[in-house]
Amino acid sequence: MIKKNGRIDRETVQKILDTADIVDVVSDFVTLKRRGANYIGLCPFHNERTPSFSVSKSKGICKCFSCGKGGSPVNFIMEHEKMSFNEALRYLAKKYHIEIKEHELTDAEREEESDRENMFNVNEFALAHFEHNLTDTEEGRDIGYSYFRERGINDAAIKRFRLGYSIEKGNELLRQAKERGYNEKYLIDTGLVARREDGSIYDRFRGRVIYPVHTISGKVVAFGGRTLRSDKKMAKYVNSPESIIYSKSRELYGLYQAKKSISEKNKCILVEGYMDVISMSQSGIENVVASSGTSLTQGQIRLIHRFTDNVTLIYDSDPAGIKASLRGIDLLLAEGLNMKVVLLPDGDDPDSFAQNHPASEVEEYISTHETDFIRFKTEILLKDAANDPIARSKAISDIVRSISVIPDDIVRSLYVKECSRALDIDEKVLLLQIKKYVTERAEQQAQQNLRDKARASLSDAGNPSSSQATDGNIPADAGTNAPAEATEATATVGTAFIQHDKSRAGILAPFEHDIARYIVRYGMVELPTFDDDDRQVNIRVIDYIMQEFAFDNITFCNPIYSRIVEECRKLIDSDWESDRAAAEAASLQQRAEEWEKGTAEIRNTAISLEQISQKEKMLLETIDNAHYNRLDQQTEMFFIRHLASSPDDDLRRTVTQMASSKHKLSKVHSKYSHIESEKEKLDELLPRAIYALKDAMLQYDIRNKRDELKQVAKAGDMDKVKAIMLDIADLDKLRRDYAQKLGDRVILPKG
């Protein structure tokens, strides 16, 4: 029995993770066939004819080597069923009949949990109430149902989107809710009813057709109501207010109904309103969602990104509406989504177009009229600026600004080439402008970071009125009388640091990734090394790497790798000994069973005592090898097994990728090793990877010194020139030492 008054405790989570069998879980959705030690089947995340979805029972992970999706049992359920981490845990607990134990909540947590549950319950009641009104009351049938039928919406779509109607006369919802014992507080908190200035309460949505808003998991969090009156003084649409269960910036209308189709088609079609979604879905285009008339937000875009990288925006032919919506393009691009735009014929919107054309024609129109955002934005912005140089310049700057937000350097470069051709402007000019925009955003972010840091410092000090941050930096909005030059100087220092750090992080990224992957894959594996007396001692991979880092004061630039190390350290302290003991006990039990079964078979088939002795000796060697192999497997999979089921999305994705991808070794050592024998060559690969990272750091330092040398030489300071040249010479000597180590076979240094 699942309790509702707490959060899933750590022991239960671990029991779920230990019990869930990856082959068993995936088999519920995919037909698997055994191939060697693994299983293989058709990927459930994309259409394919040749199986590329591999499941490893021993590692407890799955992976599609075509689309890249997969992971642990929890990760698979999250991805396939579009569930949250906790929802996936509950799903697996139910599958394996595991009782969920929950830790006791604080009074504040319990009160909030109770409020949330009561608000969801009230909304479910309201949803059923509105549906009943639409089809089972005379007013609902005559007004609400007739309206939907006139708009071309059939009964199947009405049921799919659970459309409804709110009775106009009286406060019917309020009355029935009170009769059934629902607390007035939650009716107000959800916005189902509202309070007038005189204190009286009324139904917010009365006399309107109702569009329920569902979360990604299907819970009703809000309602939209459209009036059918022609009274211009009355708002056409009324929506639920934001609450502890509803934030409009984090919800997309129709996503609950569309999520499966979006995943299957690997594309999300984005429209504006409720009826656009319903009509297109009814016509057979089910991978469609709406921002419900509000500007697209980052939260909504990230929701889409959970299901696909590809988005198609559909616009009607209203120029004013299009220009007002262009901001959404930049947000989509900044999130790394692949974006296309479709412009409908004059007089059509997605609703009317879907109503007047069969699904095949709608799909054909979208596929043939999808256009690159540059062409679309160029056509829209330059349409009225052809003969106005200033207006044309502003339009081009707007287009280039959009390109500048694209995070992927390669994609951005391709767009620059496209833009250069479309606008007949030299690529170098565009690149300079993009660099300017990127720098401006970095400066703005730096200033914001300083302000946030200052506010945090002031808050920590318990003195919000103080005018100076604890680290001596003066925030731009701290209310001081410091001169503007001081503030700008501080921001400039912050910007320089951010730009410097970003450049360094980019150079070191592939080298850091290699080392972090070694920690994830082999962190608890012990390597032989030697102390000063040439005695062999063992050191774990993670300890060896961290010792090398500490010796040269190295830290990861990428924060996700730092988090991986931190979590690995925690796991060693909290779980290693118990996990190891459990694995050893289970393996010894299996060894005993194998010995008993094997010796019984030998005694039944052997023809002499000598043969019995020989076969038992061979059996003992076989089962001992299997025993130690199982323990080795547990050692290798220790970090992966825990971290691949982490509730931290970024950490889980990174570890899963490191654990399950067909890893391609970096060029630094690819010619020395193959992935199949990587573990056997760790004593060579680990030092090589660390030396490669140190060498990359030296390259970065030398480049900076040479830039500094140019500046100093221009100033004519020869003493400083000589000093910098000596520094460069020292760094070059270190690089030569590293080159020798990278060029020769490297062995682990003495302890």
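This is a predicted model: local features need pLDDT of at least 70, side-chain atom pairs count only at pLDDT 80 or more; totals for chains, interfaces and linings use all residues.
Strand β3 and strand β4, the latter covering residues 53-56, run antiparallel and are joined by three bridges, where strands are DSSP runs of E with at least two residues, helices are runs of H or I with at least four, and both are numbered from the N terminus. Two strands are said to pair if DSSP finds at least two bridges between them. Within this pair, G41 stands opposite F53 in β4.

Residues are numbered from 1 along each chain as its sequence is written, and side-chain values use heavy atoms, with hydrogens and water left out.

On its other pairing, β3 (residues 38-41) runs antiparallel to β2 (residues 33-35), again through three bridges, and here R34 is the residue opposite Y39 in β3. The hairpin of β2 and β3 has two residues between the strands, and G36 in that hairpin takes a positive phi near 65°.

Let me turn to an open sheet of five strands, whose order is β15-β14-β16-β17-β18 and whose pairing is mixed. Its edge strands, each pairing on one side only, are β15 (288-290) and β18 (371-372). Inside that order, β14 (residues 268-271) and β16 (residues 310-315) pair in the parallel sense over three bridges, with C268 opposite V311 in β16.

Now the helices: which residues of α22 meet α27? They are V541, Y544, I545, E548 and F549, and on the α27 side the partners are L682, L686, P687, I690, L693 and K694, contact meaning heavy atoms within 4.5 Å. The axes of α22 (residues 541-551) and α27 (residues 682-715) come within 11 Å and cross at roughly 30°, with axes being lines fitted to C-alpha atoms, for helices over the stretch in contact, and angles running from 0 to 180 degrees between N-to-C directions. The two helices are therefore roughly parallel to each other, a label used for angles under 35 degrees, as against over 145 for roughly antiparallel, 65 to 115 for roughly perpendicular and oblique for the rest.

For the whole protein, the secondary structure comes to 28 helices and 20 strands. Of its 751 residues, 44% count as buried, that is, under 20% relative accessible area with a 1.4 Å probe and protein chains only. Finally, among contacts with a separation of 6 or more, 67% are accounted for by residues 24 or more positions apart.

Methods
Buried means under 20% relative accessible area, exposed over 50%, partly exposed in between (1.4 Å probe, protein chains only).
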